[in-house]
Amino acid sequence: MSIPRPESRMYRFIAFIVRNLMFSLCKYDWKGGENFPAKGGFIAAANHVTELDALTLAHYLFDNGREPRILAKRGLFTSPLTGWALRGTKMIPVDRESAKATQSLKNAANQLGDGACVAILPEGTLTRDPELWPMEGKTGVARIALTTRLPVLPVAQWGVTEIMPRYGRLRWPYPRKKVTIQTGPPVDLSDLYDRPQDTATLREATSRIMDAITTELEQIRGEVAPTPRFDLRKHPEYEAKMTSYPPVERP
């Protein structure tokens with residue numbers, strides 16, 4: 001494991017703070033680093049359970065020798081503290097539900113072309129699945145993957161909710177909580193590269209990526225995920241933040 005040395009002093013400073021903070025909160029079990037490509041850029045696609053798991057994902061990638069770029073909603077870039085940190089580490093703002101979203105994806109693709117690792121949470125928001133399994137993803141990750149033709153590595157995280165529950169507050173941090181992060185082999189999308197990037201192709205690529213993430217999470221949890229995968233589009237009542245999630249009859 002080799003810790004990267006970013007050119008940006010700001011990045012190194014923020015990485016120092018975040019690494020020490022996360023080590024104070026988490027007792028990590030990191031797996032799958034052997035699946036990282038030896039060189040070149042790649043896409044790390046992970047499940048999204050709590051607001052804190054973007055940091056655990058970045059920490060995992062950074063300590064595995066990569067300098068991650070994370071897609072984050074633009075509103076976070078305008079707040080005094082998070083905006084300073086996100087801009088200083090060259091994270092990528094995303095304009096959700098906007099025509100500008102395409103430009104955000106182009107920016108991510110350009111950074112991948114420079115050899116960076118772009119980290120994406122394909123669900124686009126915290127999972128609404130009652131059992132915290134990955135739900136259907138957005139197609140942005142598929143657009144980047146099919147445009148750049150760079151490897152997509154599925155990453156699963158589990159245990160972060162013991163530190164911060166979904167839409168909850170930070171819990172008492174001690175003793176440190178076990179957080180498992182596991183990366184699987186690249187998702188095979190090669191047969192889709194030369195197809196038109198229409199809805200069917202993008203949904204197929206997205207489904208394969210979410211299937212691969214779910215498979216890694218099943219190994220961590222020692223359980224089988226329910227099928228079909230939870231689809232937020234079929235449950236609009238779950239669109240808003242909720243403090244409790246009643247049982248849902250799956251479609």
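Axes here are lines fitted to C-alpha atoms, for helices over the stretch in contact. The model is predicted. Two packed helices are described by the angle between their axes and the distance between the axes.

Take helix H6 (residues 140-148) and helix H7 (residues 199-221). Their axes come within 8 Å and cross at roughly 100 degrees. Angles of 65 to 115 degrees count as roughly perpendicular, so H6 and H7 are roughly perpendicular to each other. H6 brings Val 141, Ala 142, Arg 143 and Leu 146 to the contact. H7 answers with Thr 201, Leu 202, Ala 205, Thr 206 and Ile 209. By class, the contact of H6 with H7 has 6 nonpolar residues, 2 polar and 1 charged.

Now turn to helix H1 (residues 9-25) and helix H2 (residues 53-63). The axes of H1 and H2 come within 10 Å, crossing at roughly 110 degrees. H1 and H2 are therefore roughly perpendicular to each other. Their crossing is left-handed. From H1, the contact draws on Tyr 11, Ala 15, Val 18, Arg 19, Met 22 and Phe 23. From H2 come Leu 55, Thr 56, His 59, Phe 62 and Asp 63. The residues of the contact of H1 with H2 divide into 7 nonpolar, 2 polar and 2 charged.

The cysteines come last. A disulfide needs a pair of cysteine sulfur atoms within 2.5 Å. By this rule, the count is 0 disulfides. Buried means under 20% relative accessible area. Cys 26 has 0% relative accessibility, so Cys 26 counts as buried. Cys 117 has a relative accessible area of 1% and is therefore buried.

Notes:
Residues numbered from 1 in each chain as written. Predicted model: local features only at pLDDT ≥ 70, side-chain atom pairs only at ≥ 80, totals over all residues. Heavy atoms only, no water. Buried < 20%, exposed > 50% of the residue type's maximum accessible area, 1.4 Å probe, protein only. Axes fitted to C-alpha atoms, helices over the stretch in contact; angles between N-to-C directions. Helix = DSSP H or I, 4+ residues; strand = E, 2+ residues; numbered from the N terminus. Parallel < 35°, antiparallel > 145°, perpendicular 65-115°, else oblique. Left-handed = near helix turned anticlockwise from the far one by under 90°. Contact = heavy atoms within 4.5 Å. Nonpolar A, V, L, I, M, F, W, Y, C, P; charged D, E, K, R; others polar.
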